[in-house]
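Please read them with the model open.

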Amino acid sequence: MPTVPTDILIAGQWRRGAGEPLDTVDPATGRVLATVSSPSAAEVCEAAEAAARAAAEPAWRDLLPHERARLLHRIGDLTEQSADELSALQTADTGKTLAETRALALSAAGTFRYLAAALETAEDTLTPSRGPYVTMSVHEPIGVVGAINPWNSPVASDAQKLAPALAAGNAVLLKPAAWTPLVSLALGRLITRALEEFRLPTALLSVLPGSGRVVGDAIVRHPLVARIGFTGGTATGRSIAAVAAQKLIPASLELGGKSPTIVRADADVEQALAGVLFGIFSSSGQSCIAGSRLFVARGIYDSFVGELVDRVRALRVGPGTDPATQVGPLVHHRHRDAVAAYVDLARSEGARVLCGGSAPEGERYRDGAYYLPTVLDGLPNTSRTCQEEIFGPVLVTLPYDDEEDLVRQANDSVYGLACGIWTRDARDAWSLARRIEAGTVWINTYKQFSASTPFSGWKDSGLGTEKGRDAIRAYQRQKSLYWGTSTAPLPWAN
């Protein structure tokens, strides 16, 4: 494994923070990887003030868009060149497989490059004149942005906020999760290197790992932080939204999910089985868009679920460093215990555990935060198990009778993040996709992402949009300019 970073980036300087130290643990073994420092609330304030000064420096403030694009391209190159290192750190910190963490590192590089290209081609607008003047709509940086990310896919989540925020001309305070700070710190070093190469102020970025209670709250409430980008739990998102409303600042919130996956009677069964498995059990189910509620047409329910359970039992559970592993450990022992508690709740609600339902046995798994891929049935969609986000390798299966029954059940959730549909009928797929209350619907695929395609949550799954060309504009303020063209005197002249 590469060298583990322990210093943090405060106001452009790598140093030890004065806050509580953070032990980051390898979830495959339970061993402490490193003790990382965290900032105090005073150091968050220092970082915000330095960021505001850096954002106002002419070297950054006056940098033309195509020159900022060059910076983003450079960050993308450095990220790709360091993909193996970033992958190893993220696997050690999160337990994910090396194949997945490498894909996430390359996705981050692609995000920086896409936003660089979008910035190169972004245009302001000459609006239609309605009088003796020329009118123009332009966009300017917000200033200091707070970016707060979760522990499940840190490097990709970091890029989704850092790339548009920097493209827009802002400075950023990035708070990675306390459980998984290592890859964010490593990415921060790459960005610092790029800023130094371009002779730009390094205080444009601070990387401030720590608890949401101290570091996150200090970022959100600081008067110089004028926009928040948050990915995480819905309860925390509501608290951030309340603070943002009091400050009258914009906030984008990517929150929880309990996404339905739908297998119609006419589906390609092999394709659907593979897609359902991947949709819930990749990342060990620790994904906001995990397909955690499976709706299967009643006529094929027993045969489909029976075959699915056989394949779930055959999934290979192990450390993320083993190339054969399909399902790695959960991120932390505390989170594993929370997932186990939900399965116990399911049992108390009357669920049948078709497979899994416990930690795996054996010396290989003894010290890790492992939990077996689990399939449950026998519960109504109204049960807590079917309504609350578990964020682990737990799938609940439910039959449906017709499309009206399906749509009613699929939409009967406070969440609206994603959905998967498996069918051979393109016309019915279109109709059903439009009726589902979710920001993203996949048809005959799942968990595919594009930096060019907007991503948003409906209902309790979020507020605002990430990705796409408009991501840059979301980190800017719009301004209207009027240029008078009339030679006639103004009404009150003289």
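1. Is Ser-283 buried or exposed? Ser-283 has 11% relative accessibility, so Ser-283 counts as buried (under 20% relative accessible area, with exposed over 50% and partly exposed in between; 1.4 Å probe, protein chains only). Its phi is near 60 degrees, a positive value in a residue other than glycine. Ser-283 sits in the loop between α10 and β13 (293-297); helices (H or I, at least four residues) and strands (E, at least two) are DSSP runs numbered from the N terminus.

2. On the basis of these notes: this is a predicted model, where local features need pLDDT of at least 70 and side-chain atom pairs count only at pLDDT 80 or more, while totals for chains, interfaces and linings use all residues. Residues are numbered from 1 along each chain as its sequence is written, and side-chain values use heavy atoms, with hydrogens and water left out.

3. Ser-283 also belongs to the residues that lie nearest the centre of the largest pocket, along with Glu-100, Leu-104, Lys-447 and Phe-449. A pocket here is an open set of points on a 1 Å grid over the protein atoms alone, where a 1.4 Å probe fits, with protein on both sides within 12 Å along at least five of seven lines; lining residues have an atom within 4 Å of a point. The volume of the largest pocket is about 860 Å³, counted as the space filled by probe spheres set on the points, which are joined across faces, edges and corners.

4. The lining of the largest pocket comprises 35 residues. By type, the lining divides into 15 nonpolar, 15 polar and five charged residues (nonpolar: Ala, Val, Leu, Ile, Met, Phe, Trp, Tyr, Cys and Pro; charged: Asp, Glu, Lys and Arg; polar: the others, Gly among them).

5. The second largest pocket has a volume of about 740 Å³. It is lined by 33 residues, and Phe-230, Thr-231, Gly-232, Gly-233 and Thr-236 are the closest to its centre. Two or more lining residues come from each of α8 (212-221), β10 (225-231) and α9 (234-247); α9 gives the most, six.

6. The whole structure holds seven aromatic pairs, meaning rings of Phe, Tyr and Trp (its six-membered ring) with centres within 6.5 Å; planes under 30 degrees apart count as stacked, over 60 as edge-to-face and the rest as tilted. Trp-151 and Trp-179 make a tilted pair, 6.0 Å centre to centre with 40 degrees between the planes. Trp-151 is in the loop between β7 (144-148) and α6, and Trp-179 is in the loop between β8 (171-175) and α7 (182-197), 28 residues apart. Trp-179 is partly exposed at 22% relative accessibility.

7. Trp-151 also pairs with Phe-391: the ring centres are 5.3 Å apart and the planes at 90 degrees, so this pair is edge-to-face. Phe-391 lies in the loop between α13 (384-387) and β16 (394-400), so the pair ties together parts 240 residues apart in sequence. Both Trp-151 and Phe-391 are buried.

8. Lys-447 lies over the face of Phe-278, 5.8 Å from the ring centre (NZ of Lys or CZ of Arg within 6 Å of the ring centre and within 35 degrees of the ring normal). Likewise, Arg-189 is over the face of Trp-14, at 3.9 Å.
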